[in-house]
Amino acid sequence: MKRTPEIIKTEELLREYRTLKAISNSIGLPEEKKSSALDKVNIIDLAMGTLTEKEISIINLRYFNRLTLSELSSRINITPQQLCHNTSKIVAKMNKCILV
């Protein structure tokens, strides 16, 4: 599956999720910054709601826990190539919910 600019932006948003969540809950930051971060967190959460448990697990481990393709593929017993393909499909599915 080809990684379009939209897919790449969604992947970047997923990688930023933990930071965005922390910003949205921070005390002392400007409300505008917190609100912007919270909007992005909510978009990701909405997109995650469209996924199966297995897909959520893959996204959590790959993007939020930052496992490498090799580490994650070993953990779920598939090849890195299969994982890459599956991850691209999952992100594309999420991308349908995300206006990046």
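1. The model is a predicted one, and helix 3, spanning residues 53–64, has the highest mean pLDDT among the elements of the protein, at 95.

2. Is Glu 55 buried or exposed? Its relative accessible area is 17%, and Glu 55 therefore counts as buried, the cut-off being under 20%. Setting aside neighbours within four places in sequence, Glu 55 is in contact with Ile 90 and Lys 93.

3. On confidence, the protein averages a pLDDT of 92, and 97% of the residues score at least 70. Helix 1 (residues 5–24) has the lowest mean among the elements, at 92.

4. Now to the pairing of helix 1 with helix 2 (residues 31–48). Their axes lie 8 Å apart, and the two pack at an angle of about 135 degrees. Helix 1 is therefore oblique to helix 2. The crossing of helix 1 past helix 2 is left-handed.

5. Which residues bring these two helices together? From helix 1 come Leu 13, Leu 14, Tyr 17, Leu 20, Lys 21, Ile 23 and Ser 24. They meet Lys 33, Lys 34, Ala 37, Leu 38, Lys 40, Val 41, Ile 44 and Asp 45 of helix 2. By type, the residues of this contact divide into 9 nonpolar, 1 polar and 5 charged.

How values were computed. Residues are numbered from 1 along each chain as its sequence is written. This is a predicted model: local features need pLDDT of at least 70, side-chain atom pairs count only at pLDDT 80 or more; totals for chains, interfaces and linings use all residues. Side-chain values use heavy atoms; hydrogens and water are left out. pLDDT is the predictor's confidence in each residue, from 0 to 100. Helices (H or I, at least four residues) and strands (E, at least two) are DSSP runs, numbered from the N terminus. Buried means under 20% relative accessible area, exposed over 50%, partly exposed in between (1.4 Å probe, protein chains only). Contact means heavy atoms within 4.5 Å. Axes are lines fitted to C-alpha atoms, for helices over the stretch in contact, and angles run from 0 to 180 degrees between N-to-C directions. Angles under 35 degrees count as roughly parallel, over 145 as roughly antiparallel, 65 to 115 as roughly perpendicular and the rest as oblique. A crossing is left-handed if the near helix is turned anticlockwise from the far one by less than a right angle, and right-handed if clockwise. Ala, Val, Leu, Ile, Met, Phe, Trp, Tyr, Cys and Pro count as nonpolar, Asp, Glu, Lys and Arg as charged, and the others, Gly among them, as polar.
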